[in-house]
Amino acid sequence: MLQLILLALVAAVALLQLYAVLGRRMGRQPEERAAQPEPAGAVRRPVTPLVTDPVPLEEAPAGLSAIRARDPAFDPQVFLANARNLYRTIITAYAAGDRDALAPLLSEEVRSAFEAGIAERESSGRIESVDLPHPPRCDVETVEIDGDRARVALRFLGELLQTVKAPDEAEPRVVQRRTAELWTFERNLADRDGGWRLAGVDVAEA
């Protein structure tokens, strides 16, 4: 009987020790890790970078660097972007017969030719408008500097939607065509405030 009591006491002590070990939380528990504040100054790494490297600009097309040597404020990429805008502006203004919009953008020779074309169209009673569904392609063909005069020939490949309404037609006609032309712009480099003007238009190979 005494032996059974001693065995029971030993078993009770062992169970108490086992409970003390198993009941104690070992290490950091999940709820403690969730509630644990991050150390001061910690920064989470974003999934995507907040700042990306700037996209490098295209190199200046051959010849335009000579103009920049004369005029440090000349930016070849800005020049080409403005030339595309001028292409659209001049084409749409000519089709609409907008002489005021064309006047500051054309040389005297080109303005005389455009005036003749607009006058002929008006005398015939023909009405036209032009739309460019896509920006034209623009490539530098030649660059010339003669004294203070700079001349840049640009080859434009464009797609035009031309609407024409003749007096004897009930409905206007819409003609889609592609063009390939050499537009020559010129500027007086000595005049810092002077702009580029269209000085010539010729047919180019597509």
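Me: What secondary structure does the protein have?
Reply: The model is a predicted one. The protein comes to six helices and five strands. Along the sequence, the pattern reads α-α-α-α-α-α-β-β-β-β-β.

Me: How much of the protein counts as buried?
Reply: Of its 206 residues, 27% count as buried.

Me: On to the strands. How do S3 and S4 run, and how many bridges join them?
Reply: S3 (residues 149–165) and S4 (residues 173–188) run antiparallel, joined by 16 bridges. Arg-155 stands opposite Leu-182 in S4.

Me: Which way does S4 pair with S5?
Reply: The sense is antiparallel again for S4 and S5 (residues 197–203), over six bridges. Here Phe-185 stands opposite Leu-198 in S5.

Me: What about the second largest pocket, which residues line it?
Reply: The second largest pocket has a volume of about 190 Å³. Its lining includes Asp-71, Phe-74, Asn-82, Leu-86, Arg-187 and Trp-196. Phe-185, the residue opposite Leu-198 in S5, also lines this pocket.

Me: Which element gives the most to that lining?
Reply: H4 does, with five residues. H4 and S4 each supply at least two. By class, the lining of the second largest pocket has eight nonpolar, one polar and three charged residues.

Me: How many cavities of 30 Å³ or more are there?
Reply: The count comes to one. The largest cavity has a volume of about 40 Å³. Its lining is made up of Arg-99, Leu-102, Ala-103, Leu-106, Arg-111, Phe-114, Glu-115 and Ile-118. Phe-114 is also among the residues closest to the centre of the largest pocket.

Me: Where does the largest share of the cavity lining come from?
Reply: From H6, which gives four residues. Helix H5 (99–102) and H6 each supply at least two. The lining of the largest cavity has five nonpolar, no polar and three charged residues.

Me: Now some single residues. Is Tyr-87 buried or exposed?
Reply: Tyr-87 counts as buried because its relative accessible area is 0%, and the cut-off for buried is under 20%. Tyr-87 lies in helix H4.

Me: What does Tyr-87 touch, leaving out residues up to four places away in sequence?
Reply: Tyr-87 touches Leu-132, Pro-136, Phe-156, Gly-158, Leu-160, Thr-179, Glu-181 and Trp-183. Glu-181 and Trp-183 are also among the residues closest to the centre of the largest pocket. Tyr-87 and Phe-156 are 69 residues apart in sequence and 8.4 Å apart in space, C-alpha to C-alpha.

Me: Where is His-134?
Reply: His-134 sits in the loop between strand S1 (127–131) and strand S2 (137–146). It touches Arg-88 and Glu-159, not counting residues up to four places away in sequence. Leu-160 is 26 residues from His-134 in sequence, with 8.5 Å between their C-alpha atoms.

Me: Why does His-134 count as partly exposed?
Reply: Because its relative accessible area is 45%, which falls between the cut-offs of 20% and 50%.

Me: Last one, Ala-66. Which helix is it in?
Reply: Ala-66 has its place in helix H3 (residues 64–70). Ala-66 is partly exposed, with a relative accessible area of 35%. From Ala-66 to Val-143 is 77 residues in sequence and 8.4 Å in space, C-alpha to C-alpha.

Terms used. Residues numbered from 1 in each chain as written. Predicted model: local features only at pLDDT ≥ 70, side-chain atom pairs only at ≥ 80, totals over all residues. Heavy atoms only, no water. Buried < 20%, exposed > 50% of the residue type's maximum accessible area, 1.4 Å probe, protein only. Contact = heavy atoms within 4.5 Å. Pairing = 2+ DSSP bridges. 1 Å grid on protein atoms, 1.4 Å probe; cavity = no way out; pocket = protein on both sides within 12 Å on 5 of 7 lines; lining within 4 Å. Points joined across faces, edges and corners; volume = space filled by probe spheres on them. Nonpolar A, V, L, I, M, F, W, Y, C, P; charged D, E, K, R; others polar.
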